[in-house]
Amino acid sequence: MSSTESAREEVDRPLLLQLERRLRQLIETLYPDERTRPGYARLAKEIRENTGGAISATYLWELATGKKRNVTLEQLDILAQFFGVPLEYFLSDEVCERVNTQLALATALRDTKIRNLALRAEGLSSASLDALLTMVTEARKLQNLSNIDDPDHTVPRPGG
């Protein structure tokens, strides 16, 4: 197969290209601290212990790096079960986007200060909430952080 045919095949099969990105994103979300993120051997062991399904460390690494893309439905189901996402997360852009929004919220709420801010805002009037949102938006601008309304916005990881 020529490099042109290979490149064309990748363009024609975007779902396969997204698998590695989605898998890495789930790993990074579950283990936000790079220093304590498990290697693929430990991750494979955790998957086996938590789901009863087996995916080898090497195969997991190959999927996460795009070296392999021939994943079975059973393996996707094991990954979905382990990461607590629907199987469709790996297959549907719409489901992936919805789950990523939920994961971003869960990740943000890991931070005690963010959680306390949200809990303390409960019960405030609509006008007070609007004023707080304006203040947070301005604070984000002062710190050169992305606008929350940006579709490419990702919630920063705790400690990062």
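**Salt bridges and confidence**

Reply: Glu 49 and Lys 45 are joined through their side chains by a salt bridge, at 3.8 Å from N to O. The term denotes a side-chain nitrogen of Lys or Arg within 4 Å of a carboxyl oxygen of Asp or Glu. This is a predicted model, in which local features need pLDDT of at least 70 and side-chain atom pairs count only at pLDDT 80 or more, while totals for chains, interfaces and linings use all residues. Residues are numbered from 1 along each chain as its sequence is written, and side-chain values use heavy atoms, leaving out hydrogens and water.

Me: How far apart in helix H3 are Glu 49 and Lys 45?

Reply: Helices are DSSP runs (H or I, at least four residues), numbered from the N terminus. Glu 49 and Lys 45 are 4 residues apart in helix H3, so about one helical turn separates them.

Me: Is Glu 49 buried or exposed?

Reply: Buried means under 20% relative accessible area, exposed over 50%, and partly exposed in between (1.4 Å probe, protein chains only). Glu 49 is exposed at 56% relative accessibility, and Lys 45 is partly exposed at 43%.

Me: Where is confidence lowest, and where is it highest?

Reply: The predictor's confidence in each residue is given by pLDDT, from 0 to 100. Its mean is lowest in helix H1 (residues 3–12), at 48, and highest in helix H3 (residues 40–51), at 96. Over residues 150–160, pLDDT stays under 50. Where pLDDT is low, the predicted coordinates should not be read in detail.

Definitions and conventions
Helix = DSSP H or I, 4+ residues; strand = E, 2+ residues; numbered from the N terminus. Contact = heavy atoms within 4.5 Å.
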